[in-house]
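Reader: I've just opened this one and I'm a bit lost. Could you walk me through a few spots?

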Amino acid sequence: MGDHSTMWSYLTAYDLGMDKESIRRSFANHVEYTQGKDEFSVTAHDFFQSIAHAVRDRMLDRWNKTQRSYYTPDTRRVYYLSLEFLMGRLLRNSLINLGIERETKEALAQLDIDLDKVLEEELDLGLGNGGLGRLAACFLDSMATLRLPAMGCGIRYEYGIFRQNISDGEQVEQPDNWLRYGCPWEIPRLECLYPIKFHGWVRPRVDERGKTVFDWVDTQDVMAMAYDVPVPGYGNDAVNTLRLWSAKASREFDFTDFNRGDYIQAVQDKNATENISRVLYPNDKVLQGRELRLKQEYFFVSATLQDALQRHLKLHPTVANLHEKVVFQLNDTHPALAVAELMRLLMDVHGMGWDEAFAVTEKAFAYTNHTVMPEALEQWPVHLMERVLPRHMQIIEEVNGRFLDEVRRRYPGDEPRVQRMSLIAEGYEKQVRMANLAIVGSYSVNGVSALHSRILQERIFKDFAEFYPGKFNNKTNGITPRRWLLSCNPGLAKLITSRIGDGFGRDLSQLEELMQHMTDRGFQVEWRKAKRANKERLAAHVKDACGVLIDPESLFDVQVKRIHEYKRQHMNILHVVRHYLDIKSGRKADPVPRTFIFGGKAAPGYDMAKRIIRLVHAVADLVNNDAATRDLLKVVFVPNYSVSLAELVIPAADVSEQISTAGMEASGTGNMKFALNGALTVGTLDGANVEIMEAVGGENIFIFGLDAREVEEMRVRGYDPYEQYSSDADIREVLDTVSSGALSPDDPGRFQPIVDSLLRHGDPFFVLADFAAYCDCHAKVDVAFRDEDGWTHKAIANVARMGRFSSDHTITQYANDIWRIPVASARDEAKARESLPPRATKPPVR
């Protein structure tokens, strides 16, 4: 290879200073030498690309040093496998974590360039659907900040979560081509290329040692190529990796077709191969969509495992100790095929026997469950698995057979238990239960809130919790304060820093010190000014995006999240109808002016969710155009909800709607983001709402409705929503208004399916059971909001007590309890530093 020392010393000398002059020079160089532009041709997007490359330059040296540091002590590595990473925009977050936001702003200002406008040029990395992907992004930030040897592993979708347009109140999906102008953050790793097999058949044979081995032959292959995105830690020079896999054809063309003159078929075959990483969440209502989804899940876990094994073998002569040096964290059931794939690789590629391979496998995986919804506990038809992944189906059947033998031994004669615990559900169409596979193949299974973890152990996976004592545990979700306070709410962050210093960016528990300032009148006034500025900023966006003027003086009541019936956006908008009718009739005298803000995307095939979006728009058309109410009540639906839009909406909220049916939301992280930005929660005792109430105090949160046990008891006892309708005049008036067609005169029956779901189809999410309590809760909100000082006091208390919901805290728990990589908490680190003797000014005398 030759001596490259001269080259490396030259690279080390390259000016990567963190001062504004160095940044300005780097930026100018990239404008000319990366973008190829001069002062006459440069565009706003060139400015973004150039400053992004300048920032990336400053990460690359740190990135390489960080990765080398993980090799030196042969540290245990974490591979965080997630089908989604909802990263959002990366530039501002990178500037904050590197500590050069002010220097960059000043460097650009010297050139008459506004950094804030440059930031708007960046497209979101929308490689996720909602909370699952956003949680993964927060965890990556925390793993880098804690300097953990960890890597995120996912898919480089060419088209992320769809772009949502609204036409006549209806959601219209458009492709999100986030790579249209290229991504300055990603680095293609041409050398990280692995074959991924599909279809074919399994041929058993006896090898030279007399051992039966299995060859997976006549397969259709695709190549997985890595693209790396740097993830900087906060204030520590560490840079970790998000590795995204892209599908590449195993050969450019089928030359048989090409030479025969069938050029189109040759190109189509190549494109079909690469479709695996083309789009996030294909339509799985058709067989082709389900097959593609299955291929996506296998594609990225196989690439990740092959990559991990190759990395392991650089340092170790055998894979027998793999479980001692790596842990694969499965973010929900989507990566569960990794259990079967690792078994295949260990046995079929590395020659292990079954017992040895399974002993390694079950000690290498940890599984996080994110749902109690039956439809979200993924299952795959056995016939589809046999066709697409025949070897894996064999392995799963063998794992299942051996596992059920042990279940029968432990619980003789209990066949119902055996059927419940089987990895394969019997029935008209046999299904592989991916959650069961993940549990059997992992040494740790965790839920994501205290309530969720209890439900998993007492109801959803009760048999497994009894079978595996000690395997189940809780790790309540968290959010990164870098994006969800420092970045999205700089005004509030600056105010907090002025009172308690800036240490809360690394140790969120320091926010508790704000409790000392709660009664400070000057602090309260400044607090309200910060909130008002955020509300004005959002009002300007709403005017541009929706054409609706909203009053920053009004109470901003916000529900922004994925549209789903269990999240109960329809209960929210039905309450708005109730509120409107009360104002119109005079039943509500002198109401608090309110702006109800909705946002979120409905899955393209989810008809009821799309109808709820249309209902929100229909109600908005009614109330916003009624001269009698429009100064007291406004409704807006902000289109194309995304991470970057959340950063605009959340700091402006007064009220955070967290109103899912109790027992159905695993955790939620939107509740944490709103509370961290000073919004008060209106919510049920569901998910992490329970722990937020414990943290902030019952007097600083608005809780209503049935709890999880009451919901389950009512479900078992029998719930008749028609009784609610018959006995409650308010419910009756609201539903009759919706049914009458008054909200959709062009199609009077448009919203009847929503009413039918509540009255004729059993109200499965207990909307009517909770409706009266929900309305009463909002009456209490009105009273509280009129007390300006009291409301501010509650808002400060929410922010001050959010320390336990930092993703740094959550990841510290994962590292210490699951991954067995000891990490001190930020508070412990601070105490350790305080206990050190003062640094000597002179060398000690020896």
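Predicted model: local features only at pLDDT ≥ 70, side-chain atom pairs only at ≥ 80, totals over all residues.

Reader: How many bridges join strand 2 to strand 3?

Author: Strand 2 covers residues 85-88, and strand 3 covers residues 125-127. The two run antiparallel, with Leu-86 standing opposite Gly-126. The number of bridges joining them is three.

Reader: Which residues of strand 2 point the other way from Phe-85 and Met-87?

Author: Phe-85 and Met-87 share one side of strand 2, and all four residues named for this strand are buried. Pointing the other way are Leu-86 and Gly-88.

Reader: Is Ala-109 buried, partly exposed or exposed?

Author: Ala-109 is found in helix 5, residues 101-109. Buried would need under 20% relative accessible area and exposed over 50%. Ala-109 has 44% relative accessibility, so it counts as partly exposed.

Reader: What is the handedness of the crossing of helix 24 and helix 31?

Author: Helix 24 (residues 607-624) and helix 31 (residues 752-759) pack at an angle of about 115°, and their axes are 9 Å apart. The crossing is left-handed.

Reader: And which residues of helix 31 make that contact?

Author: On the helix 24 side you'll find Met-608, Arg-611, Ile-612 and Leu-615. By class, the whole contact has five nonpolar, one polar and one charged residues. From helix 31 come Pro-753, Ile-754 and Ser-757.

Reader: How many residues does the largest nonpolar core have?

Author: Among the residues with the most contacts inside this core are Trp-185 and Phe-299. Phe-299 is in contact with residues including Ile-155, Trp-245 and Ile-276. The core's residue count is 268.

Methods: Residues numbered from 1 in each chain as written. Heavy atoms only, no water. Axes fitted to C-alpha atoms, helices over the stretch in contact; angles between N-to-C directions. Left-handed = near helix turned anticlockwise from the far one by under 90°. Contact = heavy atoms within 4.5 Å. Nonpolar A, V, L, I, M, F, W, Y, C, P; charged D, E, K, R; others polar. Buried < 20%, exposed > 50% of the residue type's maximum accessible area, 1.4 Å probe, protein only. Pairing = 2+ DSSP bridges. Core = buried A, V, L, I, M, F, W, Y, C linked by side-chain atoms within 4.5 Å. Lists of a residue's contacts leave out its neighbours within four places in sequence.
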